[in-house]
Each structure stands twice: as structure tokens, then as C-alpha cells.
Amino acid sequence: MKAIVIRTFGAPSVMRLEEVATPEPGPGEVLIKVHAVSVNRTLDLVVRSGKYARSVSFPHVLGVDPSGVITAVGPGVTDREVGQRVVAGTRVAEACATSAPRLLGVNVWGGYAEYVNVPARIAHLIPDGIDFPTATVVARHAPTAFHRLRDRAALRKGDWVLVMGAAGGLGSAGVQAAKYLGARVIAGAGAEERVRAAVSLGADAGVNYRATDLTAEVMRITEGRGVNVVFENIGEADLFARAFATLARDGRLVTAGGHGGGIVPLDVNRLYHNNLTVIGSTGESAADVKFSLEAAAAGKFNVLIDAILPLSEAVRAHELVAARLGIGKVVLDPTRLK
């Protein structure tokens, strides 16, 4: 099979289209013919550059969220069968007391390939009416957004939510998850076209935080009350501080992401005087994935896709994501080699 292989860390050019052995599913695994896999800023670009916190072994194949069709099942698999359309979850193995979770495309070979093996338990059925690129993007971000807002931040109907990076993959999922859960949403983004894209997904208001005083504008929109939840996934020092300052008493800031640097100031006086909570959160459950895919199938969850490229253009795909010029996800389609 063809796969995009990296044998050393570095620039996008370290990725090469190579011929490698097609895997065979082991016990409890299924083999997926990949039709779509997204390009993610952290779990692809940062991993490729060698700056990710978890170890990577070479040769390696990136790709954390492949979707496609099952072409073979391994011994012991009884709940999945050949021909089913599925999208893979990221966590090949969960964290334990002594180790971090094993992630598809990070600790094991991922979906930048014509075929990929995954445990059957993380191969989620794609409802009718959802195409592969949509399933990939929904499964990558929507379950995390629902988990962070509903389970970690205890979002309540009627709460105000500030979503940072609201036109990005996770941010756009946060906007829609918050609206689905009954919140009022302020979309924060770094350009006017990105604000408009986030508002088109259902946000009640938008703020260009590169051109406007974020804290003052959020306070104006909420009539001085502030927001109950900040959905943060940038980790940029100045933006984090300004978003944190929008929290109302008993507010919660939930964060996963640090492509803005990840080292931020924290106003501890405001933290304890206002009974605030800062929550780090990653991951999702199988129920979150199923819930998200069903919401998309019902027309209640949409995705922003900037480009769908053939597998052979993985280098260009990484360059596009790094340049941050488009709005929405860049997706690779391994069924299109050219």
C-alpha cells in the first residue's frame, strides 16, 4: 500500500510517499481502507516537527482520525464486519497510573495511508447520510467539545460561553456543542472572516480579538455579567489572560491546546476572589463519538472544511495548515493518490 512515512523529525518535506506492507488485522482489530483523514495542528504538525510531548518511533505514519470502509476483521471481532463504514477514535489504549494514553498517529501508525489497522472498539459506525470527510472532522473534534462543556465545565442551559479560536476545528465544534446544550455563545476569532464563519454556525455574537479589546467587548455583550464558561484551546499568553478576565463569579475556563505557546499568566487573586476554576481536559468516550455523529446525521452539527487533497499532497496540506490562510479543516483522501 501507499503511505506517507516520516523517518526523522523536521519540516513538511520529511514526509515521503512510500510503498509499505499492507497491514493485517490482529486479534480484536479491523483493517480500514481509508477515505479521509484530517490534518491537525498539534497531533500532526507538532508531532512531525518533533516538539510533541509524547514519544514517536520511526518510521512513522501520522493521522489520528481516519474514516473509511472495513476490508478485513481480526480474530475475536464480532461487532464489526467487512463493508461497514467507520471512523476511528484517537485512543488506541487508555491512560493508566503509569503511562499516558496510546494515540493513533502518535504512538502507533495512523491514517496517512491507504489502509490502517485499529482496535475494533474504536471503529465507530458512520450513520447514513454523512460522507467520510465530515465523519472524520466530526469524530475528531465534536466529542471532545461535548465532553469538555457538558462533563468537565458542567455547562447549563442559558449559560454564556466564550469560545476562543471559534473558526478552528475544535473551536467551531465548541460553538455548536454549546448551542446544542442550550448556551448563549460568543465566538472569539482572530480575523473578521473567521468571526463570520463562527457566527454562521450559530454563535449569538462574535469578537475579533486581534482588532478589539476582548474583555471589554465580552463584558458589553453580557451587560457586565461576564461569561460562565470560557472554551479555550489556544494557550497564548495575552489572549488567555484576556479571556480569563471575562469570567463571571463561579466561572469555569476549560482548556485543551497550546499552539499559542502554552505558557500563560494566571491572575490568582481573581481566581480565588471569584471562586473560578481552570480545567485541563482531553479525550472523549465512545458515547460522545456516537452522540456527535448522530447529531451531525440529524443536521444539528456542521463542519468547516477548507480543502480535500490527495494523499500525495500531504506536504502541501501541512503547509496550508501552518499558513493559517483558510477557514476549516484540511483533509487528505488516500483514495486519491494524485
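Residues are numbered from 1 along each chain as its sequence is written, and side-chain values rest on heavy atoms, with hydrogens and water left out.

Residues are numbered from 1 along each chain as its sequence is written, and side-chain values use heavy atoms, leaving out hydrogens and water. In this predicted model, local features need pLDDT of at least 70 and side-chain atom pairs count only at pLDDT 80 or more, while totals for chains, interfaces and linings use all residues.

The structure holds 1 cavity of 30 Å³ or more; a cavity here is a set of points on a 1 Å grid over the protein atoms alone where a 1.4 Å probe fits but cannot get out, and its lining residues have an atom within 4 Å of a point. The volume, taken as the space filled by probe spheres set on the points, is about 50 Å³ for the largest cavity. The elements giving two or more residues to its lining are α2 (132-152) and α3 (169-180), where helices (H or I, at least four residues) and strands (E, at least two) are DSSP runs numbered from the N terminus. The largest share, 4 residues, comes from α3. Among the lining residues are Val137, Val138 and His141, together with Gly169, Ser172, Ala173 and Gln176, and also Phe301 and Lys329. By class, the lining has 6 nonpolar, 5 polar and 1 charged residues; Ala, Val, Leu, Ile, Met, Phe, Trp, Tyr, Cys and Pro count as nonpolar, Asp, Glu, Lys and Arg as charged, and the others, Gly among them, as polar.

Gly169, Ser172, Ala173 and Gln176 are among the buried residues. The buried residues of α3 pack against α2, β10 (160-163), β11 (184-189), α4 (192-200), β13 (227-232) and β17 (329-333). Just after α3, Gly182 takes a positive phi of about 95°.

Strand β11 contains Val185, which counts as buried at 0% relative accessibility. Beyond its neighbours within four places in sequence, Val185 is in contact (heavy atoms within 4.5 Å) with residues including Trp160, Val161, Val175 and Ala178. The C-alpha atoms of Val185 and Val230 are separated by 9.9 Å, and the two residues lie 45 residues apart along the chain.

In helix α6 (residues 237-244), Leu239, Phe240, Arg242, Ala243 and Phe244 are buried. Their cover includes β10, α5 (214-221), β13, β14, α7 (268-273) and β15 (277-280). Arg252 lies in strand β14 (residues 247-255) and counts as buried at 9% relative accessibility. A polar atom of the Arg252 side chain lies 2.9 Å from the backbone oxygen of Ala153. Leaving aside neighbours within four places in sequence, Arg252 also has contacts that include Asp159, Asn228, Val230 and Thr277.

Helix α7 holds Asn269, which is partly exposed, with a relative accessible area of 46%. The side chain of Asn269 makes a polar contact with that of Tyr272 at 3.4 Å; such a contact is a pair of N or O atoms within 3.5 Å, one able to donate a hydrogen and the other to accept it within protein, and residues adjacent in sequence count only if both atoms are side-chain atoms.

Technical notes. 1 Å grid on protein atoms, 1.4 Å probe; cavity = no way out; pocket = protein on both sides within 12 Å on 5 of 7 lines; lining within 4 Å. Buried < 20%, exposed > 50% of the residue type's maximum accessible area, 1.4 Å probe, protein only.
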